[in-house]
Amino acid sequence: MSLLKIEHLSKFFGGLKAVSNFDLTVDQGSLVGLIGPNGAGKTTVFNMVTGIYPISDGTIEFDGGSIVGLEPYQVTQQGIARTFQNIRLFPTLSVLDNVRIAYHSHAGYGMKDAVLRTSSFETKERELTEKAQDFLAVFNLQDRQDERASSLPYGEQRRLEIARALAAEPKLLLLDEPAAGMNPNEVKSLMELIHFIRGRFDLTILLIEHQMRVVMGICEWITVMDFGEVIARGTPKEIQGNPKVIEAYLGRGALATGKG
Amino acid sequence: MFWVAVAAIFVVVQLIFSHELVTDYIQTVVQFACVMAIVSLGLNLIYGFTGQFSLGQWGFYAIGAYASAEITYTFASRFSMPVDLGFTTLDLGQNAVFLVSILVGAILSAIISFVFGLPVLKMGGDYFGIATLGFTMVVKVLADNSDKLFFAEMKGSRGMVGIPPLTTWLWAFVFLVLALVVMRNVIYSTVGRAMVSVREDEIAAKAMGIDTVRYKTLAFVIGSFYAGLAGGLYAHLYAFLHPSTFNFLKSFDIWIIVVFGGVGSITGTVIATFGWAALLEGLRIFLPSGTETWRFVVYPILLLLVMLLRPQGLFGGMELGFLKPPKWPRRQKDVPTEN
């Protein structure tokens, strides 16, 4: 069963075709990769799915309903959470608050309860905080709860960002270049983390990535983009041998020289 | 514990005032500081916590002041009902009208800020700052040129006289404490965290499922409610309103207080307001006679020094006493981790 179904998706910035006629289907429970050279339009696709950019043409269906035209916060409330290419934490807030903010839609109390400090506020706030703390423990960040998010080392910031996205209780997780700027050791533990959360939270994951090692290592299905269009799809093995993909990444003639 | 401290402060100051240990002038300055603290708290909620650059709070202060003055000017004398309490007489009727009037002023400010803020807050950023600056100027021009609005004489640029002086230490203090308690309760809840997330990173906040326009508007409306409330207290403190008070240049005082005390610190705003009032008035007393105007030289120099030595403000990122964020101890319970 497909969880996310994108058809004929296009985005024009003036006369520039950032994405044109893009199709993608993500099945429930799968781990799909979206790759392509710089400027291919991968992040633009993410921004359209999450409602940050309005789309120029096409349809996006999630969990059986159209999500075109929804505000970004509504898309998240429907069950799509994301991380960003350049980490976007709430930098001066504590690690715990970063996760607690993600629980906002599920807090279960409102302004009136907060101002009057009703018993509903007290119990729900406690529940929410304990849930956030347990959640941090899953990501091995429980000892960092009172630290500023911006003071964490890079790898842990990435982990916190993923934890925060998952705290919003999504069905589909979009990861935008999670391995960007990481050293080989960090990349290795990131790949383990992605495997782990997928099993634990029963997630469907769509991931943009530059590092071939990551994509080939964990994705089951890959879509390749170049100049805003899909140029290939298939399993990692098929993609590796596809001449169009090699051309897009290494340039025309690379294949011939490689063989000759 | 908190309420005991509040009651103690109230009683001590009240005793000092009623035994006339300090002059009337000082009493007025202390009450005025409470008023300024309430406007500044509102601004801090909008700018310090939610990150929206509002130059409009002074306009909402003016609206609250004129609206409540109109009501008490017209109705307070008709409802006069003095009651002898033995040690003092209290006019219950007038005070009831007064309370209603400042609430009406505050609610009016809140409604106008909602209608005004909804389209403007969507633009966000610098546009919001310019639009709110324009708002403050429009309110000032209206006040200058309105001889009569609704039912009472505003007398435009001649100044409105005849407002009953009903603001007392009791009311100034009660409203400041209420403003503080409400603000703390909002900030340390999921509502407050949603507001702060807008300041921290609006795009990330949206991606976390937070309706950012809604929380920006909410902060703006609460902040403007505070401004309107403070305006009402101000009108009945000096019993005189003049449009020049609401000139946008004067609105920088609340900015100075918020930045000086520490952006995003409730404690800082309150302490900075009293420090600011004490500094301005204290210099008037301590500078040798004939050189009082030099306080406007000394005061900016002191501000400059604080900003150089403590750029985050006196209490940047810090809270004291009951304003501290609630502490959550780490969970001892073993949670099942991997596998």
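When I say helix or strand, I mean DSSP runs, numbered from the N terminus: helices are H or I with at least four residues, and strands are E with at least two.

A word on where this comes from. This is a predicted model, in which local features need pLDDT of at least 70 and side-chain atom pairs count only at pLDDT 80 or more, while totals for chains, interfaces and linings use all residues. Residues are numbered from 1 along each chain as its sequence is written, and chains are lettered from A and ligands numbered from 1 in the order in which they are written.

The pLDDT is the predictor's confidence in each residue, from 0 to 100. Chain B has a mean pLDDT of 89, with 96% of its residues at 70 or more. For the model, ipTM is 0.88 and pTM is 0.91.

Strands of a sheet pair through backbone hydrogen bonds, either parallel or antiparallel. Here, two strands pair if DSSP finds at least two bridges between them. Strand β4 (residues 57-62) of chain A and β5(A) are antiparallel and share two bridges, and A:Phe62 faces A:Gly65 in β5(A). On to another partner of β4(A): strand β1 (residues 2-13) of chain A runs antiparallel to β4(A), joined by five bridges. A:Phe62 turns up here again, as the bridge partner of A:Leu4.

Which order do the four strands of this open sheet take? The order is β2-β1-β4-β5 in chain A, with antiparallel pairing. At the edges stand β2 (16-27) and β5 (65-66) of chain A, each with a single partner strand, so one side of each has no neighbour in the sheet.

Now the other sheet I want to show you. It is an open one of six strands in chain A, ordered β6-β7-β8-β3-β9-β10, and its pairing is mixed. Its edges are β6 (80-82) and β10 of chain A; each has a single partner strand, so one side of each is left without a neighbour in the sheet. Direction ignored, neighbouring strands of this sheet are turned by 20° against each other on average. For angles, axes are lines fitted to C-alpha atoms, for helices over the stretch in contact, and the values run from 0 to 180 degrees between N-to-C directions.

Look at the β10 end. Strand β9 (residues 221-226) and strand β10 (residues 229-234) of chain A run antiparallel, joined by five bridges. A:Met225 stands opposite A:Val230. What sits in the turn of the hairpin that β9(A) and β10(A) form? There are two residues between the strands, and A:Phe227 in the turn has a positive phi of about 45°. Further along, A:Ile222 stands opposite A:Gly234 in β10(A). Helix α10 (residues 243-250) of chain A packs on the sheet, touching β9 and β10 of chain A, and its direction makes about 130° with that of β10(A). By contact I mean that the C-beta atoms of two residues, placed from the backbone, lie within 7 Å.

Over to chain B and its helices. Two packed helices are described by the angle between their axes and the distance between the axes. α6(B) and helix α9 (residues 212-238) of chain B pack at about 170°, with axes 11 Å apart. That makes α6(B) roughly antiparallel to α9(B); the cut-offs are under 35 degrees for roughly parallel, over 145 for roughly antiparallel, 65 to 115 for roughly perpendicular, and oblique for the rest. From α6(B), B:Trp171, B:Ala172, B:Phe175 and B:Ala179 meet B:Tyr226, B:Leu229 and B:Leu233 of α9(B). By class, that contact has seven nonpolar residues, no polar and no charged. Nonpolar covers Ala, Val, Leu, Ile, Met, Phe, Trp, Tyr, Cys and Pro; charged covers Asp, Glu, Lys and Arg; the others, Gly among them, are polar.

Finally, how do the chains meet? How many residues does each chain give to the contact? Chain B gives 26 residues and chain A gives 36 residues. On the chain B side, the elements giving two or more residues are α6 (169-187), α7 (190-200) and α8 (202-207). α7(B) gives the most, with seven residues. The chain B side divides into 12 nonpolar, six polar and eight charged.
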